[in-house]
Amino acid sequence: MNADMDAVEAENQVELEEKTRLINQVLELQHTLEDLSARVDAVKEENLKLKSENQVLGQYIENLMSASSVFQTTDTKSKRK
């Protein structure tokens, strides 16, 4: 009977260790997911910022080009004659 109790106790100990290991693994995965989510949010924010800056720069370049006679469209037919 004592051997049966020892076997049950050993089995319970193994189950407890396995549960503890699984809980720790789940917690680690949750932290990893939180970190990845935060990183995705940061990248999205940076992307929006860069898109906005790109639009401003594009508009600036367009304004410079339209203000400069060098970049004005030319009539190529009249120059050939």
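A salt bridge here means a side-chain nitrogen of Lys or Arg within 4 Å of a carboxyl oxygen of Asp or Glu. The model is predicted, so local features need pLDDT of at least 70 and side-chain atom pairs count only at pLDDT 80 or more, while totals for chains, interfaces and linings use all residues. Residues are numbered from 1 along each chain as its sequence is written, and side-chain values use heavy atoms, with hydrogens and water left out.

**View 1. The salt bridge of Arg21 and Glu18.** By the rule above, the count comes to one salt bridge. In it, the closest N and O atoms of Arg21 and Glu18 sit 2.8 Å apart. The two residues are about one helical turn from each other because they are three residues apart in helix H1 (helices are DSSP runs of H or I with at least four residues, strands are runs of E with at least two, numbered from the N terminus). Arg21 is partly exposed, at 43% relative accessibility, and so is Glu18, at 37% (buried is under 20% relative accessible area, exposed over 50%, partly exposed in between, with a 1.4 Å probe and protein chains only).

View 2. Patch residues have over 30% relative accessible area and no salt bridge; like charges are joined within 9 Å, nonpolar side chains (Val, Leu, Ile, Met, Phe, Trp, Tyr) within 5 Å. Glu46 belongs to helix H1, residues 2–67, and is partly exposed at 38% relative accessibility.

**View 3. A nonpolar patch on the surface.** Ile61 lies in helix H1 and is partly exposed, with a relative accessible area of 45%.

Technical notes: Accessible areas come from the Shrake-Rupley method with a 1.4 Å probe; for residues, only the protein chains shown count as cover.
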